[in-house]
Amino acid sequence: MNKFTLYVGTICPYCKRVERFIEDNGIKGVEIKNIDTDPEARDHLIKFGGKRQVPCLMYDDKYLYESLDIINYLKEHGER
């Protein structure tokens, strides 16, 4: 199974779009980390992803930003 980490923010509508897609499509193997409530996740995203922008999908030590790009990636690579 693929291992994904999705970094989100509490009130980010684009994050909610991606979370809703994951739920509606039964995508498995996605760990969700909220950078507003988890300082370690925020620091990791900034240090390794290069910026504080959410949503951000981490996979294979790569960081993908933009909700529609994340959804398109998960359509092709996410396990159901």
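This briefing describes the fold, the core and some individual residues of one protein.

The structure is a predicted model, in which local features need pLDDT of at least 70 and side-chain atom pairs count only at pLDDT 80 or more, while totals for chains, interfaces and linings use all residues. Residues are numbered from 1 along each chain as its sequence is written, and side-chain values use heavy atoms, with hydrogens and water left out. The secondary structure comes to 3 helices and 4 strands, where helices (H or I, at least four residues) and strands (E, at least two) are DSSP runs numbered from the N terminus.

**Overall fold and size**

- Read from the N terminus on, the elements of the protein follow the order β-α-β-α-β-β-α.
- The C-alpha trace spans about 30 × 25 × 20 Å along its principal axes.
- A compact globule of 80 residues would have a radius of gyration near 12 Å, and the protein, with 11 Å, agrees with that value; the radius is taken over C-alpha atoms, and the globule rule is 2.2 Å times the number of residues to the power 0.38.
- Of the contacts in the protein with a separation of 6 or more, 61% are accounted for by residues 24 or more positions apart, where contact means heavy atoms within 4.5 Å.

**Surface and charge**

- The protein exposes about 5,000 Å², of which carbon and sulfur atoms supply 47%; accessible areas come from the Shrake-Rupley method with a 1.4 Å probe, and for residues only the protein chains shown count as cover.
- Buried residues make up 40% of the 80 residues, with buried meaning under 20% relative accessible area, exposed over 50%, and partly exposed in between (1.4 Å probe, protein chains only).

**The nonpolar core**

- In soluble globular proteins, nonpolar side chains tend to be buried together.
- The largest nonpolar core here has 25 residues, and those with the most contacts inside it are Leu6, Tyr7, Leu57 and Leu74; such a core is a set of buried Ala, Val, Leu, Ile, Met, Phe, Trp, Tyr and Cys residues joined through side-chain atoms within 4.5 Å.
- At least two residues of this core come from each of β1 (4-8), α1 (13-24), α2 (39-49), β3 (56-59), β4 (62-65) and α3 (67-77).
- Not counting residues up to four places away in sequence, Leu57 touches Phe4, Thr5, Leu6, Lys62, Tyr63, Leu64, Ile70, Tyr73 and Leu74.

- Thr5 lies in strand β1 and is buried, with a relative accessible area of 5%.
- When neighbours within four places in sequence are left aside, Thr5 is in contact with Glu31, Lys33, Cys56, Leu57 and Met58.
- Val8 also belongs to strand β1 and, at 2% relative accessibility, counts as buried.
- With neighbours within four places in sequence left aside, the contacts of Val8 include Cys15, Glu19, Ile32 and Val54.
- Val8 and Leu57 are 49 residues apart along the chain, and their C-alpha atoms are separated by 9.0 Å.

**Backbone features in the loops**

- Most residues other than glycine have a negative phi, and most peptide bonds are trans.
- The peptide bond from Val54 to Pro55 is cis, with omega near 0 degrees, and Pro55 is found in the loop between α2 and β3.
- Asp60, in the loop between β3 and β4, has a positive phi of about 50 degrees although it is not a glycine, and its relative accessibility of 62% makes Asp60 count as exposed.
- Glu66, in the loop between β4 and α3, has a positive phi of about 80 degrees although it is not a glycine, and Glu66 is partly exposed, with a relative accessible area of 45%.
- Not counting residues up to four places away in sequence, Glu66 touches Gln53 and Pro55; from C-alpha to C-alpha, Glu66 and Gln53 are 8.8 Å apart in space, and they are 13 residues apart in sequence.
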